[in-house]
Amino acid sequence: MINPDAKLSAKIFADYIEKSATRDGFGRGVVEAGKNDSRVVVLCADVSESVRAEQFKKEFPERFVEMGVAEQNMAAVASGMAAAGKIPFTTSYAVFNPGRNYEHIRTTIAINKMPVKICGMHGGVSVGADGATHQMLEDIGMMRALPGMTVIVPGDAEEARKAVLAVAKTDVPTYLRFGREVTPTFTTPETQFSIGKALTLWDSDNPKVAILSTGSLSYTALEAARALADEGIESIVLHIPTVKPLDEEAILAAAKRASRVVTIEEHQIAGGFGSAIAEFLSEHNPVPIKRVGMNDQFGQSGTAEELLKHYGLDALHIAETIRAFIAV
Amino acid sequence: MNLTEEKVCKLEAYAQLIRETSIKMLVASGSGHTAGPLGMADIFAALYFHILNHNPKNPEWDKRDRLVLSNGHICPAMYAAMAHAGYFTVEECLTLRKFGSRLQGHPERSRLPGIENTSGALGEGLSQAAGMVYAFHMDGKKQRIYCIMSDGEQEEGSTWEAAMFIGKNKLSNLTAILDRNNIQISGRTEDVMPLDPLADKYRAFNWNVIEADGNNISEFIQAVDDARNISDKPTIIIAHTIPGKGVQEIENDYRWHGKVPTAEEGERFLKEIRHD
């Protein structure tokens with residue numbers, strides 16, 4: 001059943017649940033962060049509308065920095081601005097930021113210990129029609145490998161807003177991944193968000209499986225859990241927005257109770273969220289693990305719905321994968 | 001800035017000291033780069049002992065000018081200048097590149113007070129300097145930012161992303177100093193990847209360009225002073241230097257870009273530098 005302590009949307013399984021893209025949550029959050037702290041600046045590589053930086057640009061034109069299509073320069077300029085006391089958010093599509101500018105991030109932000117907030121939009125295959133070149137599927141792996149880098153993948157627009165506000169207050173380099181498509185807003189303003197904390201969405205007395213998920217697919221995981229519950233398969237759904245540092249305590253507790261773990265992400269299963277969970281659990285509480293994500297493949301053009309279905313990332317397929325996994 | 005003949009002599013003496021200390025550091029470390037530090041010693045002397053508004057006893061002083069070294073591999077000359085200026089002891093220089101040293105093979109900001117940026121990966125310093133000057137400009141702060149670059153790193157695409165951004169925003173509090181020594185690790189720059197006409201390229205990006213002899217301290221300081229008087233665009237000083245300057249047998253020899261003297265060579269080089 002739904003965890004009441006999570007204070008999720010009252011319309012959680014209704015067709016009319018509010019929907020919004022996590023990038024929209026970024027847009028709202030960064031305006032609030034800008035109001036809270038005059039040191040907040042937004043750098044953008046020619047995509048201010050699609051990264052939802054337009055409102056910030058309108059409210060704080062002097063704190064919006066247009067970089068042109070030059071993501072490498074954007075990363076290192078942000079480093080310099082942080083050195084001069086600013087709290088920079090760099091924004092572009094995740095394939096370019098951090099994809100294109102990875103080494104600039106590594107040297108001038110990570111080794112240099114600069115509290116730049118790197119915002120990668122259009123994460124995952126659900127970007128849709130733009131096709132494989134614009135569907136970032138390796139960013140979580142790249143970024144979590146960097147020492148000292150916090151990595152956050154918000155689950156919905158409301159959580160994205162809270163995450164932006166939270167990272168604006170930290171003095172560490174951080175990567176945030178956002179999605180392009182609208183997805184259900186399953187959390188509410190009352191739902192707790194802290195960097196490094198997981199959120200139990202669904203719980204059962206005798207779980208057969210713990211479904212650990214990050215990003216907006218956590219809602220899909222929740223739908224799968226409900227479908228499985230209808231068949232008498234009890235589970236836990238643990239939404240883990242912070243991929244680094246992991247909420248080890250919550251993950252360990254869920255793995256111990258369920259004895260089996262399924263991970264879900266819109267990312268390559270190599271190196272990403274599922275890998276992070278597998279690394280941790282293999283050392284602390286080895287249990288059978290099934291990673292659901294992209295299997296060493298790039299995406300293609302299509303609607304988000306078509307693509308998620310094709311790659312086995314919709315509720316139907318996830319439930320099917322879990323059934324097969326626990327039957328072993 | 002008032003520059004008396006006496007002051008120039010003093011700065012030349014500092015340049016000699018920087019060369020000496022650099023050679024000692026490189027011999028002690030057994031690895032690193034020799035040509036660049038020797039070629040840039042005069043410029044580091046001019047910066048640390050005349051141009052920069054800084055306080056070695058308070059490296060975090062808020063109002064200090066910022067010196068961003070983009071081509072981090074020439075750091076021995078910078079470390080030597082910093083030590084002689086009082087940031088740390090000259091003895092510590094000999095820990096260069098050794099385990100536990102604050103003097104990393106390429107500079108790391110978080111390890112050594114007085115270092116403004118982590119560098120070594122080429123083509124990134126100009127962007128970092130741009131970020132600093134942009135932020136200071138937003139806050140109405142007046143300090144100057146100096147960014148030292150190599151000529152080889154003009155081959156990095158992101159150098160030109162930064163040049164475009166700085167030109168667009170007319171960041172006139174930034175003075176870039178390009179070490180035009182015509183060598184890079186595997187050969188002469190014009191053989192590896194032709195860079196000229198560099199001055200025209202920067203002018204096309206809306207920069208003020210000054211060409212100067214980078215081994216002539218008063219000429220270099222004059223160029224920096226001239227840059228200070230330009231308020232509608234950034235300035236780049238293309239400083240023509242002789243790699244390996246001060247040791248005739250290695251001057252202009254690209255093979256000395258990325259190697260260090262043996263102990264015996266070091267003694268010989270030091271004698272020549274000291275005019276013994």
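How many helices and strands are there in chain A? Chain A has 11 helices and 14 strands. The model shown in these views is predicted.

**View 1**
With its 11 helices and 14 strands, chain A has a radius of gyration of 19 Å. The globule rule gives 20 Å for 328 residues, so chain A is as compact as a globular protein of that length. Along the principal axes, the C-alpha atoms of chain A fill a box of roughly 55 × 40 × 35 Å. Chain B carries nine helices and seven strands.

**View 1. The contact between chain B and chain A.**
Here 23 residues of chain B are in contact with 24 residues of chain A. On the chain B side, two elements give two or more residues each: helix H4 (125–138) and helix H5 (157–168). H4(B) supplies the largest share, 10 residues. By class, the chain B side holds 11 nonpolar, seven polar and five charged residues.

**View 2. The helix pair H4(B) and H5(B).**
The angle between H4(B) and H5(B) is about 25°, and their axes are 8 Å apart. An angle under 35 degrees counts as roughly parallel, which makes H4(B) roughly parallel to H5(B). Their crossing is left-handed. From H4(B), the contact uses B:Leu126, B:Ser127 and B:Ala130. From H5(B) come B:Ser158, B:Thr159, B:Ala162, B:Ala163, B:Phe165 and B:Ile166. Six nonpolar and three polar residues make this contact, with no charged residues.

**View 3. The parallel sheet of chain B.**
Five strands form an open sheet in the order E1-E2-E3-E7-E6 (chain B), with parallel pairing. Strand E1 (66–69) and E6 of chain B are the edges, each pairing on one side only. Neighbouring strands are turned by 20° against each other on average, direction ignored. H4(B) lies across E1, strand E2 (145–150) and E3 of chain B. The helix runs at about 170° to E2(B).

**View 4. Strand E7(B) and its two partners.**
Strand E7 (residues 235–240) of chain B runs parallel to strand E3 (residues 174–180) of chain B, and six bridges join them. B:Arg180 has B:His240 of E7(B) as its bridge partner. Strand E6 (residues 208–213) of chain B also pairs with E7(B) in the parallel sense, over six bridges. In this pairing, B:Glu211 stands opposite B:Ile238 of E7(B).

**View 5. The crossing of H1(B) and H3(B).**
Helix H1 (residues 5–29) and helix H3 (residues 75–85) of chain B pack at about 120°, with their axes 8 Å apart. H1(B) and H3(B) are therefore oblique to each other. The crossing is right-handed. H1(B) contributes B:Tyr14, B:Leu17, B:Ile18, B:Thr21, B:Ser22, B:Met25 and B:Leu26. H3(B) contributes B:Pro76, B:Ala77, B:Tyr79, B:Ala80, B:Ala81, B:Ala83 and B:His84. By class, the contact of H1(B) with H3(B) has 11 nonpolar residues, three polar and no charged.

An open sheet of five strands in chain A has the order E9-E11-E10-E13-E14, with mixed pairing. The edge strands are E9 (199–202) and E14 (289–294) of chain A, each pairing on one side only. From one strand to the next, the twist averages 25°. E9(A) pairs with strand E11 (residues 235–239) of chain A in the antiparallel sense, over three bridges. There, A:Trp202 stands opposite A:Val237 of E11(A). Helix H7 (residues 217–230) of chain A packs on the sheet and touches E9, strand E10 (209–213), E11 and strand E13 (261–268). The direction of H7(A) makes about 170° with that of E11(A). Helix H9 (residues 273–284) of chain A also packs on the sheet, touching E10, E13 and E14. The direction of H9(A) makes about 145° with that of E13(A).

Technical notes. Residues numbered from 1 in each chain as written. Chains lettered and ligands numbered in written order. Predicted model: local features only at pLDDT ≥ 70, side-chain atom pairs only at ≥ 80, totals over all residues. Contact = placed C-beta atoms within 7 Å. Helix = DSSP H or I, 4+ residues; strand = E, 2+ residues; numbered from the N terminus. Nonpolar A, V, L, I, M, F, W, Y, C, P; charged D, E, K, R; others polar. Pairing = 2+ DSSP bridges. Axes fitted to C-alpha atoms, helices over the stretch in contact; angles between N-to-C directions. Parallel < 35°, antiparallel > 145°, perpendicular 65-115°, else oblique. Left-handed = near helix turned anticlockwise from the far one by under 90°. Rg over C-alpha atoms; globule rule 2.2 N^0.38 Å.
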